[in-house]
Amino acid sequence: MRQSRFSYSAICNLKSTIMNGVLMDFSLSAQHQVFRRTVAEFVEKEVVPRVPEMEARAEWPTDLFRRMGELGYFGLRYPEKYGGAGGDAILFAIFLEELARGYMSLAAAAMMQCLMGTNFIYRFGTEEQRERLLVPAIRGEKIGTIAMTEPGAGSDLGAITTRAVRDGDEYVIEGGKTWITSATRADFFTVAAKTSPDPKAGFKGIDMFLVEKGTPGLTVGNQIHKVGVVASETSELTFRQVRVPKENLFGGREGFGFAALREILNEIRVMTGALGLGLARAARDESLRYAHERTAFGRKIGDFQAIQHKLAEMETRIELSRLVVYYGAWLIDQNQPCNKEAAIAKYYATEAGVAGADEATRIFGAYGMAMEMTPQRLFRDGRFLLYGGGTSEVLKNIIAKEMGV
Ligand SMILES: Cc1cc2nc3c(=O)[nH]c(=O)nc-3n(C[C@H](O)[C@H](O)[C@H](O)COP(=O)(O)OP(=O)(O)OC[C@H]3O[C@@H](n4cnc5c(N)ncnc54)[C@H](O)[C@@H]3O)c2cc1C
């Protein structure tokens with residue numbers, strides 16, 4: 001995969017308009033466009049027809065997950081050396097947007113696999129860990145996830161109480177996690193634990209550890225039954241005197257974990273925004289189709305201005321989401337600081353997805369509540385976007401902080 005035309009233009013196209021130091025070129029490269037068509041075709045042919053069955057079963061879609069590994073989708077951001085595609089953040093956003101448009105449960109599990117579940121091994125793991133875990137994860141043969149949230153600590157990650165204490169050449173981990181995506185299927189976990197005994201250390205006392213399935217003392221607990229993303233399994237985890245070798249401390253030194261986490265936080269936010277954009281498009285497409293089909297008072301409901309305005313608002317939010325998500329991805333590709341832009345991308349595009357799904361249920365009238373129709377699923381699945389990577393409230397705090405207030 002090549003660099004996006006955004007960056008190519010930055011070097012070559014001196015005639016482009018310069019505004020605030022950013023070259024104005026909103027087009028995607030030919031490679032990105034071809035990739036979007038390829039993913040969209042996969043989603044239409046292999047995902048969408050199976051959504052009713054996956055929703056009814058409400059369990060991990062093993063074969064589809066393996067198929068995505070075969071197609072190379074889990075390695076989009078990783079180097080060819082490990083079986084990846086060496087793609088940029090724009091490519092990754094395209095993938096997640098298209099997948100979320102088709103089925104959010106699968107997109108949620110895939111994003112975990114491509115990003116949070118494997119990223120620490122890639123960036124801070126040993127070569128042996130990469131060969132043994134990352135390479136098969138890229139092929140879809142092993143599953144990785146991240147375990148940070150605890151019953152008493154979600155947004156306030158600095159309040160986690162899971163501890164990791166050095167004992168000779170090992171660390172001993174004790175504690176519990178909750179809301180862990182793919183935990184039921186995971187072969188390895190990236191686990192946040194406090195190494196600092198100082199209760200005031202907060203975020204700075206956190207480190208990240210690799211814990212593999214089958215390690216004595218690690219238990220995958222009950223599944224959490226959720227209102228949405230039902231085929232993306234979510235569970236509790238318990239660590240009772242779990243011993244891991246000291247090499248499983250990512251980064252190799254204590255006090256490094258939070259800085260490491262911050263490095264991927266912006267990408268997590270932009271990519272969750274891409275999921276929101278996909279959801280918003282799905283809601284718009286369903287609504288537009290129904291507006292043409294459904295009649296009331298002898299007219300198509302799409303003839304009513306009230307419905308037209310709802311559709312226009314959905315379309316506007318989609319266009320704005322597209323701008324903030326792909327701008328965020330472009331900034332990541334340029335290695336530019338983007339705390340504010342990533343927070344805006346996640347906040348705006350996920351709220352756009354949720355608002356679009358809500359409007360779709362209204363446009364469908366009573367059928368918006370019918371389980372055999374799509375809007376209710378979009379409405380339920382959208383809730384998932386509002387929490388991980390920062391709630392809208394927390395993201396607004398970050399945006400305001402970046403503004404200097
Ligand atoms: C489907 C699903 C999958 C998940 N998967 C994972 C996973 O794989 N791994 C993982 O570690 N976690 C996972 N999570 C957990 C997710 O990261 C947390 O839900 C998120 O961090 C928010 O924490 P919380 O739910 O405890 O909410 P809380 O932090 O308790 O927040 C409750 C409310 O208070 C508000 N609030 C909190 N702090 C502030 C503040 N400073 N200012 C203003 N308002 C504030 C919030 O916005 C929210 O409205 C998952 C969650 C869901 C729903």
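**Chatting through a predicted model**

Student: Quick one to start: is Ser-182 buried or exposed?
Tutor: Ser-182 is buried, because 25 other C-beta atoms lie within 10 Å. The cut-offs are: buried with 20 or more other C-beta atoms within 10 Å of a residue's own, exposed with 12 or fewer, and partly exposed in between, with C-beta atoms placed from the backbone.

Student: Okay, and where does Ser-182 sit?
Tutor: Ser-182 lies in the loop that links strand S5 (170-181) to strand S6 (188-194). Strands (E, at least two residues) and helices (H or I, at least four) are DSSP runs, numbered from the N terminus.

Student: Before we go on, what am I looking at?
Tutor: This is a predicted model, so local features need pLDDT of at least 70 and side-chain atom pairs count only at pLDDT 80 or more, while totals for chains, interfaces and linings use all residues. Residues are numbered from 1 along each chain as its sequence is written.

Student: What about Phe-297, what's its phi?
Tutor: Phe-297 has a phi near 55°, again a positive value in a residue other than glycine. Phe-297 is in the loop between strand S10 (295-296) and strand S11 (299-300). Phe-297 counts as exposed because it has 7 C-beta neighbours inside 10 Å.

Student: Let's zoom out. How many helices and strands are there?
Tutor: The chain has 13 helices and 11 strands. Of its 405 residues, 47% count as buried.

Student: What does the radius of gyration say?
Tutor: The chain has 22 Å, which agrees with the value near 22 Å for a compact globule of 405 residues. That radius is taken over C-alpha atoms, and the globule rule is 2.2 Å times the number of residues to the power 0.38. The C-alpha atoms fill a box of roughly 80 × 55 × 45 Å along the principal axes.

Student: Now helices. How do H9 and H10 cross?
Tutor: The axes of H9 (residues 257-293) and H10 (residues 305-333) come within 9 Å and cross at roughly 155°. That makes H9 roughly antiparallel to H10. Angles over 145 degrees count as roughly antiparallel, under 35 as roughly parallel, 65 to 115 as roughly perpendicular and the rest as oblique. Axes are lines fitted to C-alpha atoms, for helices over the stretch in contact, and angles run from 0 to 180 degrees between N-to-C directions.

Student: And H6 with H9?
Tutor: The axes of helix H6 (residues 104-116) and H9 come within 11 Å, crossing at roughly 160°. So H6 is roughly antiparallel to H9.

Student: Which residues of H6 and H9 meet?
Tutor: Among those in H6 are Met-104, Ala-107 and Met-111, and the H9 ones include Ile-264, Met-271 and Leu-279. Contact here means C-beta atoms, placed from the backbone, within 7 Å.

Student: Why is H12 called largely enclosed?
Tutor: Helix H12 (residues 375-382) is largely enclosed by the rest of the structure because six of its eight residues are buried. These are Pro-375, Arg-377, Leu-378, Phe-379, Asp-381 and Gly-382.

Student: What covers those buried residues of H12?
Tutor: The cover includes helix H3 (51-57), H6, H9 and helix H11 (339-363).

Student: Last one: where is Gln-33?
Tutor: Gln-33 is in helix H2 (residues 30-47). With 13 C-beta neighbours inside 10 Å, Gln-33 counts as partly exposed.

Conventions. Two residues are in contact if their C-beta atoms, placed from the backbone, lie within 7 Å.
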